[in-house]
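The following note is intended for a colleague who is meeting this structure for the first time. Please read the numbered points alongside the sequence and the model.

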Amino acid sequence: MINFEEVRKYFSDTIIASGIFAGDAIGWENVTFNPSGKSLWMKESYLPVSEGFSDSVNGDQLQGILSYSINTPIGSYAQGATEAGVALGNLFPTTEVITTDNYKISIDSASRTFQGKLSNDSKWYTVVIDVSFKVYE
């Protein structure tokens, strides 16, 4: 079984090192976060796709999507969320294989899957970037 926290660490370390978001403006999954007073912030969600045996060479495989919601307050200029979304997506090109201590990670795609208000009463303009990946032992 693949330890997803080792995989997640690669993604979170890359985002933190990029400086796209202030350190206190990132809501990691399963961590309490309050966006009040933030002019630009991001929230992470993990969507598992599948996990199981790949083959005798690669061992176990995990497929998933890390979804990043990038937000600015309604009424502010939406370009900030859009530019941050593009910058975040560009951190994860599909042209390389990332090696961690125990795994190889390939990025299948990084794409904008939503842009706008998530609900009529939303206080935030949101751009969602989904990073689809595969991990092999």
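1. Two strands are taken as paired if DSSP finds at least two bridges between them. Helices (H or I, at least four residues) and strands (E, at least two) are DSSP runs, numbered from the N terminus. The model is a predicted one, in which local features need pLDDT of at least 70 and side-chain atom pairs count only at pLDDT 80 or more, while totals for chains, interfaces and linings use all residues. Residues are numbered from 1 along each chain as its sequence is written, and side-chain values use heavy atoms, with hydrogens and water left out.

2. Strand β6 (residues 124–136) has antiparallel partners. Strand β3 (residues 59–73) is joined to β6 by 13 bridges, and S67 has D130 of β6 as its bridge partner. Strand β5 (residues 104–116) also runs antiparallel to β6, with 11 bridges between them; here F114 stands opposite V128.

3. How many of the 13 residues of β6 are buried? Buried means under 20% relative accessible area, exposed over 50% and partly exposed in between (1.4 Å probe, protein chains only). The count is 11 of the 13, so the strand is largely enclosed by the rest of the structure.

4. A nonpolar core is a set of buried Ala, Val, Leu, Ile, Met, Phe, Trp, Tyr and Cys residues joined through side-chain atoms within 4.5 Å. The largest such core has 29 residues, and those with the most contacts inside it include V7, F11, L88 and F133. At least two residues come from each of α1, β2, β3, α2, β5 and β6, with β6 giving the largest share, 6 residues.

5. The structure holds 9 aromatic pairs. Rings of Phe, Tyr and Trp (its six-membered ring) pair if their centres lie within 6.5 Å; planes under 30 degrees apart count as stacked, over 60 as edge-to-face and the rest as tilted. The Y10 and F11 rings are edge-to-face because their planes stand at 75°, with centres 5.2 Å apart; both residues are buried.

6. Y10 also pairs with F92: the centres are 6.3 Å apart and the planes at 70°, so this pair too is edge-to-face. The pair links distant parts of the chain, 82 residues apart, with Y10 in helix α1 (residues 4–18) and F92 in the loop between α2 (79–90) and β4 (97–99). Ring pairs join F4, Y10, F11, Y46, F92 and F133 into a cluster.

7. N30 deserves a separate remark. This residue lies in the loop between β1 (26–27) and β2 (41–55), and its phi is near 70°, a positive value in a residue other than glycine. Most residues other than glycine have a negative phi. N30 counts as exposed, at 75% relative accessibility.
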